[in-house]
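Q: I would like to learn to read a fold from its coordinates. Can we take the features in turn?

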Amino acid sequence: MSTTETYDEVLQFHGHACPGAAVGVRMAEVVLAHFGRNSPENRIVAVSETDSCSVDAIQVVTGCTYGTRTLVHEDNGKNAFTFWRTSDGAGIRVKAKPGTDAVRSDEIWALADKVEGGTATEAEVTKFNELQAARIERILAADAADILETEEINGTAPARKPLYRYDTCVDCGELTSIATLHNHRGRLICPACHLEAHGGQLPVGHGHGHGHGHGHDHPDYKPGH
């Protein structure tokens with residue numbers, strides 16, 4: 001399948017044409033060349049540092065998805081992804097290269113602010129759409145090395161997050177994964193109720209993660225997930 005055909009397939013899932021999806025396609029192609037597509041026989045785990053449009057392309061093309069728990073979201077505000085092959089721990093990090101079509105120019109940012117803010121003139125909307133369409137064409141046609149930076153990395157691949165049983169939050173009464181229930185003063189409550197119990201703002205150092213001191217001591221919970 002050509003890059004353009006892959007991009008068209010991504011758009012069926014993503015819903016609209018955009019440079020972000022195009023960048024995601026090119027990133028995914030790098031992953032396929034290194035590791036192949038994620039499958040039960042070839043397990044790949046992706047860590048996303050963004051919530052941009054490129055995430056959808058990664059899911060469609062690489063097979064690393066939230067639903068299979070092989071896509072981990074760690075939003076660092078960077079258009080970058082790390083991919084791990086779990087069989088041998090090999091990893092690569094792929095990111096958009098600054099100063100290329102993979103990143104919005106100042107001109108496009110200025111137009112985007114107006115378009116998204118509802119203040120753009122008809123001419124500015126037309127210009128924005130034309131610039132974005134031209135970017136998409138260049139991104140899809142470019143050599144990957146011209147728009148992306150790729151590095152091999154060493155480390156420990158993140159474990160695929162297991163599914164946990166559910167139990168009832170004693171405050172809201174909703175079923176909640178036992179991995180996320182908080183033991184708040186002897187009462188097991190979900191993250192939302194835990195936040196509400198602290199007046200909508202957790203104390204410093206008292207986050208939703210597992211290091212907040214209250215623990216996840218449900219009898220069926222096993223740390224290390």
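This is a predicted model: local features need pLDDT of at least 70, side-chain atom pairs count only at pLDDT 80 or more; totals for chains, interfaces and linings use all residues.

Q: How many bridges join β1 to β2?
A: Strands pair if DSSP finds at least two bridges between them. Here 3 bridges join β1 to β2, and the two run parallel. Residues are numbered from 1 along each chain as its sequence is written, and side-chain values use heavy atoms, with hydrogens and water left out.

Q: In what order do the strands form the sheet?
A: Strands (E, at least two residues) and helices (H or I, at least four) are DSSP runs, numbered from the N terminus. The open sheet has 5 strands, ordered β2-β1-β3-β4-β5, with mixed pairing. β2 (71-73) and β5 (148-153) stand at the edges. Each has a single partner strand, so one side of each lacks a neighbour in the sheet. Neighbouring strands are turned by 20° against each other on average, direction ignored.

Q: Which strands does α2 lie across?
A: Axes are lines fitted to C-alpha atoms, for helices over the stretch in contact; angles run from 0 to 180 degrees between N-to-C directions. Contact means heavy atoms within 4.5 Å. α2 lies across β1, β3, β4 and β5, at about 160° to β4. α3 lies across β1, β2 and β3, at about 25° to β3.

Q: How many residues does the largest nonpolar core have?
A: In soluble globular proteins, nonpolar side chains tend to be buried together. A nonpolar core is a set of buried Ala, Val, Leu, Ile, Met, Phe, Trp, Tyr and Cys residues joined through side-chain atoms within 4.5 Å. Buried means under 20% relative accessible area, exposed over 50%, partly exposed in between (1.4 Å probe, protein chains only). The largest core has 34 residues; M27, F83 and V94 are among those with the most contacts inside it. Its largest share, 9 residues, comes from α2. Apart from it lies another core, of 8 residues, including Y164 and C169.

Q: How many disulfides does the structure hold?
A: A disulfide is a covalent bond between the sulfur atoms of two cysteines. The criterion is a pair of cysteine sulfur atoms within 2.5 Å. The structure holds 0.
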